[in-house]
Structures are given as structure tokens and as C-alpha cells.
Amino acid sequence: MAARRLSSLLSRSIRYLPSASSAPLGRSHGVARPIHRFSTAAAVEELITPPVQVNITKLLINGQFVDSASGKTFPTLDPRTGEVIANVAEGDAEDINRAVAAARKAFDEGPWPKMSAYERSRIMLKFADLVEKHNDEIAALETWDNGKPYLQAAEAEVPSFVRLFRYYAGWADKIHGLTVPADGPHHVQILHEPIGVAGQIIPWNFPLLMFAWKVGPALACGNTIVLKTAEQTPLTALYVAKLFHEAGLPPGVLNIVSGFGPTAGAALASHMDVDKLAFTGSTETGQTVLQLAAKSNLKPVTLELGGKSPFIICEDADIDHAVELAHFALFFNQGQCCCAGSRTYVHERVYDEFVEKAKARAMRRVVGDPFKKGVEQGPQIDSEQFQKVLRYIREGRDSSATLECGGDRIGSKGYFIQPTVFSNVKEDMSIAQDEIFGPVQCVFKFKDIGEVIKRANNTRYGLAAGVFTKNIDTANTLTRGLRAGTVWINCYDVFDAGIPFGGYKMSGMGREKGIHSLNNYLQVKAVVTPLKNPAWI
């Protein structure tokens, strides 16, 4: 499974850099040198030229790539350098109106919802095949625009994208209703119908995967879509959308508007002709999206929001394994993961050993150009996120927490941050309460299971949790006590297509992936017909 490859690929320590002549992903500027931990050279020198061209920068509306109504564009940046990759069409309210009109016409008059579910499935499967064929180009574009390691994009995320679309293609012709008995002479059908025009807003940390999580189930159910991409990462959605039309997707079924939240995003959330809204992003923005949806036409909303997930290491743990898994749970994707194990709770009997080994592992983490083989951590997404992470690190240093390693930027160009570990963290510190969304591991000490359950649940979030123990009774106690949408036991970040994902409390509403995500895009209709002289009821 692609999800399992994700964990195995990214949790192992990969520690070498090829020479410039052997770099597999493009030419290197100059002669390659060995990667040095926390070194400027690793981050900003000898950058590999991405082996992909940017050819699609316009909005996708009604099957055509078009300029924005205003003619405006905005730059999307290479987080390795802060330099411009391309200028992309900047959509606003007028473009959202055009996209929604195209989606509405495609739903009301077009072939997609009237097409047999089998035919919809065939188009989705053909699309998955095309993405698989273009795996390397798509992965390179994702790494260039986002900064994540190429290995992660090429060998885990694009294959997971393909798996998700094949999964939902399989569901397309298996969505059905029920016939239910009534208390009198009536025939009762329960129908599941497509909800209509779905508005979808995806984030910048996993642009491809969030595209699949939202677009896959919506199309399988027969809906049409207006998708707003994150302004930081608009490129891969446009690339794969072209492939979708090559696979036979009718015009207007999928529309993509790149733009900013206060303009394009707000217009989509408040649009009166959008029937359903799905959003992934910060809790604060999710609250705004929910308000806009309620104040417009009360469209139902699915929210996948922030987290501050506990990772609990019990006293019976294999410490070396626990250190590696806790490291992966936090530092994966530069720490830019909503379900990151960002509160590491360690039993007091193994705490000191864990801290020393966690520090050593962080110091070994290879930070640099994400296109280079052997690099585990690329840059943060942009200047705003970069400065936010550094601000939280300063707040941690100013508190009574102990800075074990890291705590600074790497180099003077791009958005690279040293892997950072704090020990002796207390619950009242900002680094313990807030979602940092960066490579900052916070380590807490606990005494017993009852105590750690209370402390782990003492947060406004409830997206995920990790448990590391050899004792099944301890695992069961923690699993049922933790208020989180996903609990991983002796593993982390396993994201199979059929596993539902979503949170408790302020981590969101509803579930994505699996059979549960189909309910987000279906209406339930009861049809009651009287029976005359029935042989049976």
C-alpha cells in the first residue's frame, strides 16, 4: 500500500548525497559537496534545477484554461529560494461566479450525473492511469512548489493519489439506496442522490493528496466541483486537471480557481448556488468558512482543521524505536502536518534516555534541497510560515523549556529551519498549546496512564494521537480514553484509502476518506408510494 510505503520511506534515516554528475533529478549548479547537518551549504547552495516545465498557470473553467476576469496574476514561489517559479492567474469573486455557473450547468444539463456510474468509474480509472504515467513530472512539480522531499512526493504521495482515485472509482457503481418496510400498505425507497455543486478549498501542505481526498468522492457520487487551490501551491492541481480532461471528464464538471482566501475563498464559501462546502486548513479560517456558509444558503460543511496531537511513549517502550517513530510523527513534511505528533509525552522512567536520543536523532536529520537524494527535510512553505515557526521557537526559549538542539534558521536564503527539540515543556506554554506547524518537537514527562490521558485531552484539538507500548491493556485503555479521530498504536501517519480521517472538538466536522466520505456528497431522499391490495407488506 502506498500509505505504508509513506511511513517506511520517510521514517528511515537516509544520509548521503550523490555527486552532481549522478544527481537523478536534474543538473546541479556547480559541484556537489557532502551535506553537513544544519549547514548553509546543505540548504541553499548547488540547487538542482527541477526537471519539469510549468505550462499551465490559468484558471480552469468549463473545460478551458482561461485568464482571470481581472487579468491579474500572482507569483508562486520556490521555497528553497523565495524566487518566483511562475505567475498564476489570480481568481476573485467574478471568477468564482463563472466557475459555479459552469459547474451548475454541468450538473443540471451535462452528462456527468446522468452518466452511468460505471462510465464515471471508467473515466476516473483512466485518469488514475494517466497520473501514474506522469508520476515523476507531477512529483517534481509538487516538490518545486511546496518544498517537500522529492522521494516523499514521487514514491509515496503520487502513488497514494493514484490509489485514492482507484478506490473512489470502485465506489462509483456501488452507491445505492434501500427499500425499507412501512407500518402500512406503502412502498418506501431510500435514495442516495448527488448533492449538486460542491465547493472545495484545499491547503498547501499536501496539495495533491487533499485534491484526491475531496475530488475523488465528490465525482464518484456524481457531483460537479469548484475547487480553490492554496495560493502557495496552485501548480499540481492545474497539471492533473489537464490529465483528467484527457481521460474524458466532461467540461464544467471540475473547475479550478487559484486565488486568495479573502477574495476567491470567501466568494466560494458564501456563494448561494454552491450546495456543499469542504475545507481543509487552519481552525481559525475554518470558523470563518463555517460562518460564511451559514450566513448564505446554509450549505452543509465538512471541515478538516488543526491539531496538537499527543504521542505517548510508555515505560515498556523500545526507546530506539520510539525515538525514530516520534521523530517521524513530528518532523514528517517539515512538521507541516495537521496531525503531527507535536506533543511527545514520555514516561518518567525512560524520559532522560529518550530526550538524549531524540536530540541526537534531530541533529542527524539532513536538511537541504528537497530534490537531492538523502535530504529528509526541505524548507518551510513560505516566509509567513517560516517567521511563525521562528517566533514560537523564541517563545519556547523565553519560557522555562529547555532547548536541546536547533532553534535557528539554516542559511540566509530560502525558508530552512533547524530541526528543534524542547524538553521540560509544560502545558501552559504557547509551544504546548498552539499548532506550530513546523519542525519543533516538544517533550513532556508523565507518571501514569490516568494522568497522561487527562493531559493529552486538555487541548482544544482532537485530530489524532499516537500510542507506543508493548502492553495491549495499556493500548486499549489509551485508545478509548483519548479524544481524537485517529489513534495510531505503534505506528504513525498510516493513511490507507479506506481509513476515515477527521477530528473531535475544534479539529473539524465530518470525515474524509473511506466510505464515510461519500456521505459528505450525497443527499438522502425518501420516496413513499401507496400499495393497493399488496400480497405482502
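Student: Which residues of strand E18 lie on the covered face, and which on the uncovered one?

Tutor: In a regular strand, the side chains alternate between the two faces of the sheet. This model is a predicted one. In strand E18, which spans residues 486-489, Thr486 and Trp488 make up the covered face, while Val487 and Ile489 make up the uncovered face.

Student: With which strand does E18 pair, and in what sense?

Tutor: The pairing is read from the bridges that link two strands. Here E18 pairs with strand E17, residues 464-468, in the parallel sense, over 4 bridges. As an example, Val467 has Ile489 of E18 as its bridge partner; Ile489 also belongs to the uncovered face of that strand.

Student: How many helices and strands does the protein have?

Tutor: Its secondary structure consists of 16 helices and 20 strands. The radius of gyration is 24 Å, close to the 24 Å given by the globule rule for 537 residues, so the protein is as compact as a globular protein of that length. Along the principal axes, the C-alpha atoms occupy a box of roughly 80 × 55 × 40 Å.

Student: What can be said of the surface and the charges?

Tutor: The accessible surface is about 20,800 Å², and carbon and sulfur atoms contribute 52% of it. The protein carries 58 positive and 56 negative charges, whose mean positions lie 2 Å apart.

Key: Residues are numbered from 1 along each chain as its sequence is written. This is a predicted model: local features need pLDDT of at least 70, side-chain atom pairs count only at pLDDT 80 or more; totals for chains, interfaces and linings use all residues. Side-chain values use heavy atoms; hydrogens and water are left out. The radius of gyration is taken over C-alpha atoms; the globule rule is 2.2 Å times the number of residues to the power 0.38. Accessible areas come from the Shrake-Rupley method with a 1.4 Å probe; for residues, only the protein chains shown count as cover. Lys and Arg count as positive and Asp and Glu as negative; His and the chain ends are not counted. The place of a charge is taken as NZ of Lys, CZ of Arg, CG of Asp or CD of Glu. Buried means under 20% relative accessible area, exposed over 50%, partly exposed in between (1.4 Å probe, protein chains only). Two strands pair if DSSP finds at least two bridges between them.
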